[in-house]
Each structure stands twice: as structure tokens, then as C-alpha cells.
Amino acid sequence: MLVMFSTRVVQNSSVLQSIFRRISLSNGDLRVANLPTTSLIISSKILDQDKSCAWNKRRRSGSFGSTAVINTDVLRNMSTEASSSKQDAKTNRLILEKSPYLLQHATNPVDWYPWGPEAFDKAKAENKLIFLSVGYSTCHWCHVMEKESFENASVAEIMNKYFVNIKVDREERPDVDKLYMSFIQATVGGGGWPMSVFLTPDREPLAGGTYFPPEDRFGQPGFKSVLKSIAEQWRSKQTAILNSGKYSLEVLKKISEKEQKECKGIDVPGEDAWKKCLLQLSRSYESDFGGFNTAPKFPQPANFNFLFHMYSRNKKTEQGAHCLEMCLYTLKKMAYGGIHDHVNKGFARYSVDNRWHVPHFEKMLYDQAQLAVSYCDAYVLTKDEFYADVVRDILTYVSRDLSHELGGFYGAEDADSYPYEGAPHKQEGAFASGIIAYHYNVKKEGNVKPSQDPHKELKDKNVLVCFGSYESTASKFGISVEALKEILEKSHNLLYEERQKRPKPHVDTKIVTAWNGLMISGFARAGFVLKDQSYINRAILAASFIKKFLYNDEDKSLLRCCYKGEEGQVVQTPTPILGFLDDYAFLIRGLLDLYEASLDADWLQWAELLQEQQDKKFWDPKGAGYFTSPEGDPSILVRGKEGLQEDD
């Protein structure tokens, strides 16, 4: 998800300026009349460079009539409008789903379908293009596009009249997300969420982008203009559009086949590979505040894994020392930064600035899991309690705010929440503002620059950030570091209690196997390193949860996810989503870490069994490597792999 609105507009500008301009009857290209505010991208040359809302009843977890009416406040705890009184609203098919993200859209006037045969058959029967919208429940810009377009009756009318509209939770269906994101990245040059893609009735990609504003603005076409133009071109240039869709799909298939063929005969990467990786990280390292990129700045824990390993094999060399320094300095700057929630604990997904100051406030389970391991590694190598304290901070947050009572871990906490009870709109970071003293750079006029706050949601507010250190603050006030920490802890507790009076952010209570595997690693490693049995016990509880609710003992296979029901119980869809490669890989890693921490051989045996299943279900015996999705899903037109791309 990109940070700035202007970035989104620029991205989609390239989409819109080429898409309909390239609709012609020759060579499968598409061309449209040159409209001042509308154009669409059809990807031939770019890829070459290398009034019916009626719906059938569908049984899910209950029986619903053709027009279900429910209470809006119960259904949509992430509604973009707050209301003190409960309102009744008509719902679409998404009311039958379990995904929190899909349920957020169940009261939209858009006639949404989930990904599946019902939508595909409708598109073919009615000869309509498919509009595919992919996102996730804690995505800020997904909320923005919903509020601006999908809750807008005039936009919904156009969508329902001319398109079959499909909504996908990318965390439920990473295979769908990966396939069409590959197309967006190949044609636009970048990607993000919400992802917006137009498909033929056979699901072949035609055009797309990320966020679109609802109306024409700043010389850029709005979503309504795009919808109308695409609908008109489908009416008048259908053959050309179909040809372009088939061409796009064939190119994606050829790229995939080419990558797989190039894997044949390749040796296991050797010394040159890790040397190249180390050189790239060293060149991209930002020495002022740490990290390996400019704004927006992501934690990227995989980099720490690699660099800590490089240090371990070259401890006495200058190169090894540099690897260690890059890790430790970055981890400290992050822990002192605003990306770290000093009051509620845990880490936000990324920082919008270069100094780890202003976060994008959503918190993802997979970030907490991987950062817990990184800070464990830092503690093992330094024995500095600073890093151990951060580990405890992360695990406290996850145990308190992202845990199901039976042991599973929830996926994420939203960036947006109401600033106070009865507020008309949510604000990003509303739950995370506070006032504290000198240590956190608090200013009367606020410490967030306007350039870091495009929606003015943090105007005159402070994001707690320390640009110094415990030592520098203690020295300024003539107290010990220990005394300072006690003062800060008391302040944090007071602020935490005050925060609990505000509406809390939405939590995506979907329980994803892969991310739970990562979190099992985090707790197991922490328990072993910090000699804390309670952390190991928490990992055991989570692993037991996965085995009970997300593992089929009959065919020894994993499921992708389960859900928290209305009464807190664990629920599943009638047709569960099968596990993907990352579900197997990350859970296996978690079980291995749990075995090392507990010495219980049962976890090792289950890991070995799952590894056999992973090889059976995902390994490509012809081209080598693992496919990311299981075989046999006819809705996935190209079965892809991770990490296959040509060198620059």
C-alpha cells in the first residue's frame, strides 16, 4: 500500500493514459477515441518488453433469503461512518463470507461477489467484464476507496450495470493477488492495495491500477470516468479487447514458463550470490537512521536474518563487524522511533518518513513475529537488555491484542480508528496520539511535519519518537538510566489507561496458518533465548490450535485460515481454502523452533510430515522450485513461483 495520495494518482495516470488509446483491431491492440479524461492500458507492447442486482441464494454458514437485512453496527465494525443509533441496511453476497475484509463490504450498494464460480458464470452468461478489487481489512487506502466509491450509490450503479464485481481478501487468496499483481506490476511498473483490475469473462487481465479517486480531479480521470469508458469500449470493440486479454495471459504464461526453464541446470547459489546480496545491502544502507531504503521505510527483517548470519561466519573481519553494526543500529533506531508504539507496544508496518518517526499505524502479525526473532538475535549476540526488552514488548502486545483465547493469533490491527466515541469519521493514528515529555520529542504545536500528514489527521499532535537515547535523556536530567526507564514505564501505563477510553482500532480476527507459524517461531525463540517457559508454552498453545483447527489429519494437509465467530468460537467456511506454500513453509519453521525450545519430538515429527506434504503438493519436478499455490484450482490461470525474476 502506497503512502501518498499523489503517488497513487501518478501511478494510475500511466494506466489511464495508455489503456484506451491502445484499443485497435490490428495485432490484438485496443484503441479508443481520445477522450480528455479517459484512457486505459492494454499491455501488449509493455509486456512484450519482456440493471440487475438479483442474486441466487448460496448456502454458507447459514440460510439467507435473497435480500438479507441485518444490523449495520453488528455487521460492520469497520464502517467508515460512525452512528450512535443502529441502522438497518440491505446486504450483498459478501454477508455469507467469513473474511473480516469481505464483511466490511457486505453493506456496500455494489453488487459484490466473492471469488468463485457464481461470479464467473454470471460474467459469461451476461457477457460482462469483471471488475476485481483486491485488498485487506486493515488497509488504509482500501478504506478510502470504499468510502469514496464503493459506498457511493452513483458509482455502484455504474458498476452493477456494466460489470460483474468481485471482491477478494488478499490474505485469504494470495494466489489470486499474486497473479493479477504480476500483471499490474508488469504494465504499470508498481503495485499496491487496493488493487483494481478489469478482466474478461474468462478472467484474463485487461487493465488496472491501485487506488482511483471517484471523480475527475487535477486533470486525472476518476473511477466513474474509467468505468464508463471501459464499458463503452467493451460494447464497441469487444473482439479487440478479448484478443488483448488472451495476449496478456499468454505473455504471463510465457514469462512463467521461461523462468521455469531457466531454472533447469542451475547450481545451488554459491559465494557470488551472498557477496552480491551483501554488496547491495551495504550500498542501500542508510547510516543516519538505519534501514535499507528511503521513505517509506519498512523494517525488512529478512535483511537482519541474512546480515546476522554473515556476521556469525565472519566475526573477526571488518566485513562481519559492518554486518553487525548495520543490524544493531537499525534495530535501535526503530525501537526508539515512532514506528514502535511506546504506549501500546508492538511495531507499525512502516514509517512514512526516513527517520522511523511517523508510522503507517496498522500493525501486522507477521511483522511482530519476524521482528521478535530479529531482536532475539540481537540480544544473543550482544547480551544487551535493550533488545530483550523490545522482545518482551512485542510479545506482550501480541498476547494481549492479537490472540484468540484458544491459542491462535489474529492477523492485524487497523491503522484507522475513531478519535472519540461518536466521532463521525475514523482517522489514521487516532488511537496512537499522546503527550509525554522531553524524551519523546513532544512539541506544543505537534511534531509531525505537514508533508508526513497529507490528510491532516495528525495536525497539532505528537507521535512519540526518541531521536536520542536513554543515556542522553538520563544525562540531561541528571538521573540514572534505570530511573529514567521507571519514569517512562509509569508514563506509558498512564497513557495506556487513557487510550483505553477511546474506541479501539479494528482487529482482523482471521487466523492465517502461515503467520501463526511465524509467530510460533517468535515465541519459541524468545522462550529459549530469554529462558522464559511462558513464551514456550504460548508457542505450544498456538501450535496445538493449528493442529486442531487448520490441519486435516486424514490427508495430512493444512488449511489457509479460520475465523473468530460472533460468539468468539472458531468458525470455518463450508469449503475451506487449502493451504499455500507459505502456510507449510512458515509452520514447519515454527515447529522446528518449537522443537529446539521444548525438545518435544512430536513437533519435529509433525514438521517432517508437513515437509513431505509440501514437497508433494508444491515442488516442480520439471523446472525445480516450489509453486506458491496447490495444483488443481481452475480459477487460477497461471500457477506461479516466488523469487523468479531476471537480473537487472
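A: Start with the hairpin of strands S6 and S7. Strand S6 (residues 195-199) pairs with S7 in the antiparallel sense, over four bridges. Two strands count as paired if DSSP finds at least two bridges between them. Helices (H or I, at least four residues) and strands (E, at least two) are DSSP runs, numbered from the N terminus.

The model is predicted: local features need pLDDT of at least 70, side-chain atom pairs count only at pLDDT 80 or more, and totals for chains, interfaces and linings use all residues. Residues are numbered from 1 along each chain as its sequence is written, and side-chain values use heavy atoms, with hydrogens and water left out.

Back to the hairpin. Leu199 stands opposite Pro205 in S7. Five residues lie between the strands, and Arg203 takes a positive phi near 75°. Five of the five residues of S7 (residues 205-209) are buried, so the strand is largely enclosed by the rest of the structure. Buried means under 20% relative accessible area; exposed is over 50%, and partly exposed lies in between (1.4 Å probe, protein chains only).

Next, the aromatic rings. Trp112, Phe131, Phe150, Phe163, Phe198, Phe212 and Phe223 are linked by ring pairs into a cluster. Rings of Phe, Tyr and Trp (its six-membered ring) pair if their centres lie within 6.5 Å; planes under 30 degrees apart are stacked, over 60 edge-to-face, and the rest tilted.

Now helix H5 (residues 117-126). Its buried residues are Ala119, Phe120, Lys122 and Ala123. They cover an arc of only 160° around the axis, which puts them on the same side of H5. That arc is taken from the directions from the helix axis to the C-beta atoms. An α-helix has 3.6 residues a turn, so residues three or four places apart point the same way. Pro117 and Ala125, on the other side of H5, are exposed. The cover over the buried residues of H5 includes strands S3 (112-114), S4 (129-135) and S5 (163-169); contact means heavy atoms within 4.5 Å. Asn127 follows H5, with a positive phi near 55°.

The whole structure has 31 aromatic pairs. In one of them, the ring centres of Tyr438 and Phe477 are 5.5 Å apart and the planes meet at 75°, so the pair is edge-to-face. This pair links distant parts of the chain, 39 residues apart: Tyr438 sits in the loop between strand S13 (427-428) and helix H16 (470-477), and Phe477 in helix H16. Tyr438 is partly exposed, at 46% relative accessibility. Phe477 is partly exposed too, with a relative accessible area of 48%. Trp619 and Tyr626 also form an edge-to-face pair, 5.0 Å centre to centre with 75° between the planes. Trp619 is partly exposed at 39%, and Tyr626 is partly exposed at 25%.

The charged end of Lys476 sits over its ring, 5.1 Å from the centre. The test is NZ of Lys or CZ of Arg within 6 Å of the ring centre and within 35 degrees of the ring normal. Lys332 likewise has its charged end over the ring of Phe386, 4.9 Å from its centre.

Finish with an open sheet. Three strands are ordered S15-S18-S19, with antiparallel pairing. Strands S15 (510-512) and S19 (570-571) are the edges, each pairing on one side only. Two bridges join S18 (residues 561-564) to S19, and Lys564 stands opposite Val570 in S19.
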